[in-house]
Amino acid sequence: MGNADYDEYPISSMNGEMRKKHPVEIPPPQSFFKSLKNTVKETLFPDDPLRQFKNQPPRRKFLLGLQYFFPIFEWGPRYTFDFFKSDLIAGITIASLAIPQGISYAKLANLPPILGLYSSFVPPLVYAVMGSSRDLAVGTVAVASLLIGSMLGDQVNPTENPTLYLHLALTATFFAGVFEAALGIFRLGFIVDFLSHATIVGFMGGAATVVILQQLKGILGLNHFTQSTDIISVLRSVFTQTHEWRWQSAVLGFCFLFYLLAARFFSQKRPKFFWVSAMAPLMSVILGTILVYFTHAENHGVQVIGELKKGLNPLSITNLSFGGAYLSTAIKTGIVTGVVSLAEGIAVGRSFAMYKNYNIDGNKEMIAFGMMNIVGSCTSCYLTTGPFSRSAVNFNAGCKTAVSNIVMALAVMVTLLVLTPLFHYTPLVVLSSIIVSAMFGLIDYNAAIHLWHVDKFDFLVCMSAYFGVVFASVEIGLVIAVALSLLRVLLFVARPRTLVLGNIPDSKIYRNIEQYPNTDTVEGVLILDLGAPIYFTNSSYLRERITRWIDDEEDKLKSSGETLQYVILDMGAVGNIDTSGISMLEETKKNLDRRDLKLVLANPGAEVMKKLNKSKFIETLGQEWIFLTVGEAVESCNYMLHSSKPKSGTDGSFSNNV
C-alpha cells in the first residue's frame with residue numbers, strides 16, 4: 001500500500017465518525033538566492049522600510065528618501081504657530097536643565113566644563129533635523145560621561161596631560177558616532193538588543209551609585225582623588241583624607257542636595273508643577289554663584305569653576321587623533337559608550353512615543369545619534385544621546401516636535417556668547433549636588449524588586465551588573481551583565497523545554513500535563529512537545545531528553561500492564577531545523593525501531609518539511625506518519641491500536657503488532 005493510498009485511509013474522530021487524513025504538503029522548491037534574499041530581508045528589514053517607495057514616480061521617491069533621512073522635511077510643512085508656542089516653552093525649560101547638567105557632566109568626564117555647553121548646542125541642532133522622536137531632548141548623560149572618564153582615565157591622566165586626554169575624548173566620540181551610524185545604515189540595531197532590560201537596570205543603577213560616590217570629592221572639597229571607580233578605592237580615598245575635608249563645602253553641598261530632592265519630590269506629588277524640579281538645578285547654580293560671590297567662599301575651601309571661555313564651539317576636526325599608541329583605547333571607548341548611549345536614547349525615545357501613540361524608527365535614531373556625534377566630535381563636543389531626565393522635562397513641558405531642541409540649542413548659544421563669565425563663581429559642590437540628585441532617579445529599585453518576583457535569573461543578571469560596576473569597574477560590570485544575558489540566550493537555545501502533552505477532556509486540544517493536571521493520557525501513545533528550533537546546539541540534548549521521556553513512560557506503564565506503541569513529536573514550535581537536527585531525528589527513529597516503537601510527527605512547518613524532504617527523511621519515516629495536527633496523529637494511532645489494521649514496520653511494510 002503506497003503513501004497515496006494511506007492518505008485516503010480513514011481515521012476515527014473522537015465521536016466515532018470516520019474521515020480522511022489530511023496530507024502534510026511539502027512547500028514548492030525555492031532557489032538558494034531567493035531563500036537567502038528572504039532571510040536577509042527578514043533579518044535586516046523586518047519593518048519593510050522600502051514599502052513606501054513602491055509604485056512611486058522618481059520625483060516622489062527622491063522626496064520620500066529625503067524625508068527618511070531628514071524627518072524634518074516630513075513634519076516641517078505641517079508645523080503651526082501653536083506647535084511653536086508649546087516648543088518654545090519646552091525648549092526654554094529644558095535649557096534651564098541642560099546648562100547646569102552640561103557643565104556638571106563634563107566635569108564627571110574629566111573634561112573642561114565648557115565642553116558640556118558646547119555639547120548642548122551643536123548635537124541638538126543635528127538631531128532636530130535627523131531624529132524621528134518628538135520628545136527626546138539631546139545632551140550629555142552621566143553614565144556615558146563616567147565611562148569616558150573611567151576608560152580614558154586608565155590610560156591618560158587628565159590632570160597631567162589634559163590636551164591628549166581631550167583629543168582622545170573627541171576621537172572616542174567620533175568613533176562612537178561612526179559605530180552608531182553604521183548600525184543604523186546597515187540595519188544592525190538588533191545588536192543593541194543584547195543589552196536586556198535586566199542588564200540596563202543593573203548597569204544604570206551601579207553606574208549611578210558609582211557616580212554618587214565620585215561626587216564625594218566635590219562635596220567634601222577634596223583636591224586629590226582616585227581615578228578608580230570601584231567603591232573600595234573611592235571610600236579609601238575619602239577616608240584617608242579626612243584632614244582635607246572642608247566643612248563649608250559639605251554644608252553647602254548637602255543644603256543644595258536637600259533643595260533639589262525636595263523640588264523633585266514636590267513635582268512628583270504635583271505633576272502640574274514639573275517646572276519646579278526642572279528649574280531647580282539652574283536656581284541652585286544661580287543661588288550658589290551669588291552666595292560665593294558675596295561671601296568670598298572660594299577663599300574658605302569652596303572650589304569654583306573659574307573662567308569659562310566665551311564664544312561658540314571652535315572646530316576640533318584637527319584634534320581628532322587617528323594614530324598613536326592610544327588609538328585602540330579611543331576605539332574601544334567609542335564603541336562601548338556608543339552602545340550604552342544608544343540603548344538609553346532609543347529606550348527613552350520609545351517610551352515617550354508609546355505615551356503619545358506614535359512610532360519611532362530605531363534605525364533612523366541610530367543614524368541621527370551617529371551623525372550628531374560625528375559632527376559633535378568635529379565641533380568640540382563629546383558624546384551625547386537622549387537622557388531620560390531632560391526628555392521627561394521636555395515631555396512634561398508639552399513639546400510638540402523636535403523644535404524644542406532647536407530652542408534649547410539657541411538658549412545655550414546665547415549663554416555661550418554672553419553669559420559664560422557669570423559662571424566664574426559657580427561652586428563645584430553645587431554641580432556635585434546636581435549630579436547626585438539626578439543619579440537617584442537612575443537607581444530603579446522597584447524594577448529590581450519586580451525582576452525578583454517575575455524572573456529570578458533576570459534578577460541575577462541585574463544584580464551581577466550592579467555589583468560588577470560598583471565593586472569592580474564600569475566596563476567589567478557591563479561585560480558580566482552582557483555575558484550572563486548571552487548565557488541565558490544560549491541556555492534557551494541549547495536546553496529547550498520538552499513537555500508531555502495530554503488531552504483536555506471533551507476536546508481535541510492537547511496541552512502540557514503539568515499545566516493542566518486534569519488532562520487525559522492516551523493509551524499506548526506518548527506525545528512530546530518540542531519547544532524550539534532544532535539546531536546543532538540542542539540536537540544531542542533533545543535526543544537524550546526524548547529517550548528519557550520514553551524510559552519514564554515505559555516504567556510507568558509496566559505497573560499497569562500496558563505497553564507504549566507510538567511516540568508523537570509535536571513540531572509546531574520547531575520553526576527550523578539543520579542537518580544536525582535531521583540526524584537527531586534519524587537516530588531517534590532508529591532507536592525507536594529497535595524498541596519496536598513507532599515515531600510520528602505532527603504539525604511540522606514549511607521550512608522543516610522542505611529540509612526533511614531534501615534529506616530523504618520523509619521517505620525513511622513514511623509520509624503516512626506525518627500529520628497536520630496532534631489530534632489527527634492521535635486519532636490515527638488510536639485506530640491502529642484498536643483495529644485489526646497492522647502497524648507499519650521499520651521497512652515501510654506492515655507487521656502484525658496489534
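Tutor: What follows is a close look at helix H5 and the two helices discussed with it here, H17 and H14. Please keep in mind that this is a predicted model. Two packed helices are described by the angle between their axes and the distance between the axes.

Let us begin with H5, residues 81-108, and H17, residues 388-396, whose axes come within 8 Å and cross at roughly 160 degrees. Because angles over 145 degrees count as roughly antiparallel, H5 and H17 are roughly antiparallel to each other, and their crossing is right-handed. On the H5 side the contact includes Ala 90, Thr 93, Ile 94 and Leu 97, among others, while H17 brings Ser 389, Arg 390, Val 393 and Asn 394. Sorted by class, the contact of H5 with H17 has 5 nonpolar, 5 polar and 1 charged residues.

Turning to helix H14, residues 274-295, we find that H5 packs with it at an angle of about 40 degrees, the axes being 8 Å apart. That angle makes H5 oblique to H14, and the crossing of this pair is left-handed. Here Thr 93, Ser 96, Leu 97 and Pro 100 of H5 touch Phe 274, Ala 278, Met 279, Pro 281, Leu 282 and Val 285 of H14. The residues of the contact of H5 with H14 divide into 8 nonpolar, 2 polar and no charged.

How values were computed. Residues numbered from 1 in each chain as written. Predicted model: local features only at pLDDT ≥ 70, side-chain atom pairs only at ≥ 80, totals over all residues. Heavy atoms only, no water. Axes fitted to C-alpha atoms, helices over the stretch in contact; angles between N-to-C directions. Helix = DSSP H or I, 4+ residues; strand = E, 2+ residues; numbered from the N terminus. Parallel < 35°, antiparallel > 145°, perpendicular 65-115°, else oblique. Left-handed = near helix turned anticlockwise from the far one by under 90°. Contact = heavy atoms within 4.5 Å. Nonpolar A, V, L, I, M, F, W, Y, C, P; charged D, E, K, R; others polar.
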